[in-house]
Amino acid sequence: MNKNIIIAGVGGQGILTIAAVIDLAAMNNGLHVKQAEVHGMSQRGGAVESHLRISDAEIFSDLIPRGKADLILAIEPMESLRYLPFLSKDGVIVTATEAFKNIANYPEEDSIRAEIEKSARHVFVDAEALARSVGNPKSFNVVMLGAAAPYIGIGAEQLEKAIAQLFAAKGEEIVEMNLLAFRKGLAN
Amino acid sequence: MTNKKLLLGAEAIALAAIDAGISGVYAYPGTPSTEITEYIQRSKIAKQNGVRSKWSSNEKTAYEAALGMSYAGKRSLVCMKHVGLNVAADAFMNSAITGVNGGLVVVVADDPSMHSSQNEQDTRAYGRFAYLPVIEPSNQQETYDAVRYAFDLSELVKLPVLLRITTRLSHSRAAVLQQVAKAQNALNPSTEKKNWILLPSNARVNYAGLLGKQQQLTDISEASPLNKVVEGSGPKAVIAFGIAYNYVMEVKQAEKLDIPVLKISQYPLPEKKLKAFVEKYDDVLIAEEGYPIYEELLKGFFGNAKFRGRLDGALPRMGELSPDALAKALGVPMPELKAIPAVVANRPPMLCQGCGHGDLFVAMNRVFESYPAKHVFSDIGCYTLGALPPYDAISTCVDMGASITMAKGASDAGLHPAVAVIGDSTFTHSGITGLIDAVNDGTSVTIIISDNATVAMTGGQESSGDGNLYDICKGVGVDEAHIRVIEPLKKNMEKNMAVLKEEFEYRGVSVVIAQRECVQVMLKNKKQRNKTAAAKAAV
Ligand SMILES: Cc1ncc(C[n+]2csc(CCOP(=O)(O)OP(=O)(O)O)c2C)c(N)n1
Ligand code: SF4
C-alpha cells in the first residue's frame, strides 16, 4: 500500500483539515505518513499545496517525486492543473467546480474544465452546493474529502472514524454535520 | 512512557526541547522557524514546568537572553530563521568564545528556494565560521532525538550547539516517538569569570581552548549515530547531507539501486569515516541542501574530478533539492510528465481584503502624484506585498529595519521627500536605532509606521511595541508636532493624504503612525471571544 496525494487550493481555503483527517486515519491503521505543507508568504491568498504520502513501508522523501502522485485533490479547479507534472500517467483529479477568483486574469472557466477533461481521469464535485445542502458552507473541505475517498487507499469508514476523532472537541453537532458532508461527497 | 505523535519538524524540536528540560525558549518569529516557539507557548507541560516562551524583540536580544539563562546554569533554546542569525551574529560568534554553562541549542531554519525569504544563505557556513558543532537532522524522528542529543553534547563540550533545519523538514509532518522527559537544571550561575569576560587577555585563552576542542568534536562526530553508512556496491557512491539523505534514499528505494550512501548529519566532518568511504569509489555525488560548502572543501582548489554535485551541474547550483534532482543526478530516466496547461495563471500572495496597509498605500501613492518621482524605502512584512500591483507602492525591501536607514542615507544624498514605510514589529526589531540616527542628524525623512498591532506576516504573533509606538518616537527625540497618528480607512482618505503631504514637506524627522488592526488578527480574536463566551454560557 503506497499512495501519493497532492491537496491543492488557495491560501486560507483550509486544505490542511483534509490532510489532518487522512493523516489520522493512516496513523490509526498503522501506516507511515509524511505530509509537507506550505506556511508563510503564500498563505496570503496565493496558491498552496500539501504533499501527503502514506505507505506500509518507510517513506523517505517529504516531497512526492514528479509523475508519481496517484491523486490531485483540488479545492479549486485552476489549482488542480498547477500540479499536473506530479500526477502519474493514470492518476486521478478530484476537483471542486467553484472557481476562486482573487486575481484579475483568472482564465475562462470553460477552458479550465476542458483542460481537466483532457488531462487525466477526473471527478468534478459541486462542493459548494453539496456543503450548503448539509447546512454549512464551511464543510466544503469535508465534502471534497468524501468525493476523493475512493482514491485514497483507506476505507471510507476509517476516514469517518478519523473525522469523528478530529472534530470531537467541537461537539456532537459539528461531528454529525461533517459526517453528513463527507457522505454527500462520497455519494457525488 | 512511549507516545507517537504526528508532528511538524518544527514541533518535534519544540517537544524535544521541553523533554530535554529547557527552562526557556527565546525567539523572534520568522518562516520557517516560527512554529517551534508557538508549540512551546501552547504546551501545557511547558506551562506547568514554568518554561518561559514570550517572543523577543529581535534575534540578537533572543540570543543574548538564552546565553544569560545558560550562564545561570539552566538549559535554553533559541530559534530563528536563517537571516535572523545575521542579526544575532555578534552574540553567536562570541558565545563560541565564552562557551556555555547550562546547555544551549541554537536552532536556525534555512529557506533554500527562498519560499518566504530574501536569500538562501546556508547556516552551516556560520557553524564552520564559529568552530561550533552543527547538527543537521534528516527526518522528524531524528530531529526529536537530535535535539536531546544536542543538549547533552552542549553540556559535555561546554559549547553552544547549532541545529540546522530547512523549510521542508520544518513544515512536514511525520510520526515521532517521544522519550522520557528530563528535569530542568537547578539555578547554578557560572563563577568562571575568565570564560565570560572577553577582555583580549581572556579571549585569547578561550579561543585557544575552542581550537583545542576541535579534535574532540571531530572524534564525537566520528562516533555519532547521526553519521552512518548505508552499504551498497560501487563504483558510484553518494555523500548525502541532512535532508538530502531522504531524496537519495527515495530514489534508491524506488529504483532498487544498490548505491552506497554516506549520510552526514553532524559536523565537524567525521574525517576517518569520510576518507574510508571516499577511497573506495571513483565517482562520488555530493548532495547538500544549501550551498556546496563541503563539496568545495572535498573537491579542493584544483578540482578533484571524482566529486560531482552542485558545482559541476550534476545537481542544480541553487534552490532546494528534490527527489527528481537526485534521480537525474543518479542517471534515472524521467518518466514522461504531464505539462501545466497554458491557461493556468499565476496566483501570487496578496494583501487581504480590508487590510490597512492597502489603504495607506493608496493614500501615499496619491500624494506622490504631485511629485516628479516616487521613491519609497520599505521593509519586510505583509506590507512588502505593496510592491505588487495594484499598488506598486514601494521601491526597496532589503533587511529588517533598512527602510529608515536607507531613507536617511538617500535624504543625506539630497533626495526629497525621503519616505520610509515600516511595520510595527519591524520598527521595534531594528528600526528604533535608525530613527535615533535620523534625529541626531536632523535628517529630513518621513517615517510611516504601518501599525497593525501584530506580526502579521508570520501568523499574527504579538508585537513588542504594541501601544507604545508614539511614546517610543517621542522618547528618542522626535518633535511631537511631527508625530502624527492616522487611521488608514477609505473614509479618511483626504484627511490622511493631507497629513502625509504636510509631513513630506517638513524638513526634519517626522513619523506618521498609521493604525488599523490586521483583519486576520481581528477574526482570530473574534473567534476566541466567541469561544470564551460559549464556554461561559455552558457553565
Ligand atoms: C532578521 C529577520 N527576522 C525575521 C524575519 C521574518 N519576518 C519578516 S517580516 C516579519 C515581521 C513583520 O511584522 P510587521 O513589521 O509588524 O509587519 P506586518 O507583517 O504585521 O505587516 C518577520 C518576523 C526576517 N525577514 N528577517
Ligand atoms: S494578514 Fe493582516 S496585515 Fe497581512 S495582509 Fe492580511 S490584513 Fe494585512
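Which residue in β6(B) is the bridge partner of B:Val105?

1. Basis of the note. The model is predicted: local features need pLDDT of at least 70 and side-chain atom pairs count only at pLDDT 80 or more, while totals for chains, interfaces and linings use all residues. Residues are numbered from 1 along each chain as its sequence is written, chains are lettered from A and ligands numbered from 1 in the order in which they are written, and side-chain values use heavy atoms, with hydrogens and water left out.

2. The bridge partner. B:Val105 has B:Val161 as its bridge partner in β6(B). Strand β4 (residues 104-110) and strand β6 (residues 161-166) of chain B run parallel and are joined by six bridges. Strands are DSSP runs (E, at least two residues) and helices are runs of H or I with at least four, numbered from the N terminus; two strands pair if DSSP finds at least two bridges between them.

3. The sheet of chain B. These strands belong to an open sheet of six strands with mixed pairing, in the order β2-β3-β4-β6-β5-β11. Its edges are β2 (22-27) and β11 (266-267) of chain B; each has a single partner strand, so one side of each is left without a neighbour in the sheet.

4. Extent of the interface. Chain A gives 49 residues to the contact and chain B gives 45, contact meaning heavy atoms within 4.5 Å. About 4,100 Å² is buried between the two chains, with carbon and sulfur atoms giving 59% of that area. Buried area is the accessible area (1.4 Å probe) that two parts lose on being put together, summed over both.

5. Six salt bridges are found across the interface of chain A and chain B, each requiring a side-chain nitrogen of Lys or Arg within 4 Å of a carboxyl oxygen of Asp or Glu. One of them links A:Arg66 with B:Asp324, where the closest N and O atoms are 3.5 Å apart.

6. Strand pairing between chains. β2(A) pairs with strand β7 (residues 172-177) of chain B in the antiparallel sense, over two bridges. A:Gln35 stands opposite B:Arg173 in β7(B).

7. Ligand 2. This ligand lies between chains A and B. Residues around ligand 2 (a heavy atom within 4 Å) include A:Arg44, B:Cys352, B:Cys355, B:His357, B:Cys382 and B:Cys518.
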